[in-house]
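The sequence and structure come first.

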Amino acid sequence: MSAFISLSRAMTLGLIRDRSAVFLTLVFPLMFLALFGALLQDDGVSRSTVIQVGEVGVLDDMSGERLAELSDALTVRRTGALGPALEDVRGGDADAVIWEEAGRLQLRYSAADPARAGTVVGLLESIVQTANVAATGQPPEFELTIGQVEDESIKPIQYLAPGLLGWAVATGASFMSAFTLVNWRKKRVLRRLWLAPVSPATVIGARVGVSLGLAFAQTAIFLAVATVPFYGLRLTGSWWLALPLVACGALAFMSIGLLVGAWATSEEAANGAVQVVILPMAFLSGSFFPTDDMPGWLRAVSGVLPLKYLNEAVQDVLTRGEGWEAALPTAGGLLLFTAVVTAVAARVFRWDDT
Amino acid sequence: MSDTGAAIAVEGLRKRYGDVQAVDGVTFEVGRGEFYGILGPNGAGKTTTLELVEGLREPDEGTARLLGRPSWPRDPALLARIGVQLQTSAFFDKLTAREQIRTFAALYGVPAARADAMLGTVGLTDKAHVRDDKLSGGQAQRLSLACALVHDPELVFLDEPTTGLDPQARRNLWDLLREINAAGRTIVLTTHYLDEAELLCDRVAIMDAGRVLRVGAPAALIRELGVATLEDVFLRLTGREYRG
């Protein structure tokens, strides 16, 4: 067996036998994907609930077709007593209550959530208007044709899968290189390798190879899970461009791991430092939620984080149908980042703990 | 300077760490097939001397030639001919004894079958599937020695190979070292156990404060100084007999 294969094998065995490393780099991010993916199944805003008290003509006479259309946005619950229904709205269990009184429609809503209140009021106004127009027996003068632009609408899984994958790759690559550096320095494997007739390129090549293998395994598992019908991730044309992007991202985060490994004196300290660096970066880079609503200064911070660019580019090629034009600048930027950080890490590199 | 010369020729080695002159002008020669000991109290500079000779660190001054070739700068062709056991057992994380030695064997281009045979030589065949952190101190030392010897080196460096072992494990390891030496390899070891040096070494160099104080065969040094044991020689030379 060649030195390269043998070293790669030793590092792979070390990784898969390290339960905490497997948990940290694979199981933990997958748990997030499974959980978030299930929690955010609906498109952010959930349906509004309206309680109907007694008979309400406009709702009761609605055609089955129209009811089905509305059911995406509105759930109607029927009840006999107004008092408890109003209590439900005040308590936040329902969004509005509707009833008929002396031939007039009455609607009461809670303004606790203004956006929700607006949706409910608007929805019921449109139902009433439609009923009014129908009552005239005339065809409506203006008609609105509506349709959905499926590609533009961001389903949560479409940013969750690339974002959580970016976080997993970042954690895995930086942790593994920091761990190897600290562990080999502490156990004097670095020194021992210096005294074996093996070239530094072979050792570094094996480490890079195993880290890329881990990153590709993470990608394969994430995509396999996210594309099951339950989560419903749909891959677009050039999705495979995510592979070179993930590879460049893994290199960038390996270089961060080298920097952490040069500083840390124990595997535990290296793990802690990696988390301190990567976790806030993941939050600011949109790994867990979109960053569009962040205040300007936070967006400026996230603008210098490599993970943000990795996440965005992977999302672009994976789910937005973009190609090389989205992947290349990011890949180049990540490689440049790798070169700079590795050069810094080489300057602070230590052979020994003392 | 062909292969007929000395196994090791060290001249005027010096190394300073900050304010500490760890090695202060060390010169010695080791012949082929010799069993050579470097003795000294803790902090005498034994390990640093060994590391300079092996080519693990760059000397501030002086040269070390192994098998006729300078050990610094790093020379992979030379490294293939020497075997090294560091003071700490340098093992890969979470690998079994067999996986450790096979990995080291591959670094030297040695087939796995030879690695397994070496595991048998140090009596660890029944521990082949045990991970390094589950081995006893003596077993870990024997594995470490096996990893140093797996490529059949001409010259072997051992840094305090018996430190921390119980008496049985030490004797066990001594027998192993004598066999290796009898097979024609040159062995250099550092130790602070004088009985060990007296028993194993053809010649010893006694060091203190970064210098070599005296070199000679244990018996000759004992005779020369008119004392009973190598320990007396050591105490006489290092001037520590009256210290607390």
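Q: How many residues does the contact take from chain A and from chain B?
A: This is a predicted model, in which local features need pLDDT of at least 70 and side-chain atom pairs count only at pLDDT 80 or more, while totals for chains, interfaces and linings use all residues. Residues are numbered from 1 along each chain as its sequence is written, chains are lettered from A in the order in which they are written, and side-chain values use heavy atoms, without hydrogens and water. Contact means heavy atoms within 4.5 Å. The contact takes 27 residues from chain A and 32 residues from chain B.

Q: Which helix of chain A gives the most residues to the side that touches chain B?
A: Helices here are DSSP runs (H or I, at least four residues), numbered from the N terminus. Five salt bridges are counted between chain A and chain B, a salt bridge being a side-chain nitrogen of Lys or Arg within 4 Å of a carboxyl oxygen of Asp or Glu. On the chain A side, helix 1 (3-16), helix 7 (156-186) and helix 8 (189-194) each supply at least two residues. The most, seven residues, come from helix 1 of chain A.

Q: What distance separates the centres of domain 1 and domain 2 of chain A?
A: The domain bounds come from an automatic or database domain assignment. Domain 1 of chain A covers 3-41 + 153-348, and domain 2 covers 48-136. Taken over C-alpha atoms, the distance between their centres is 49 Å.
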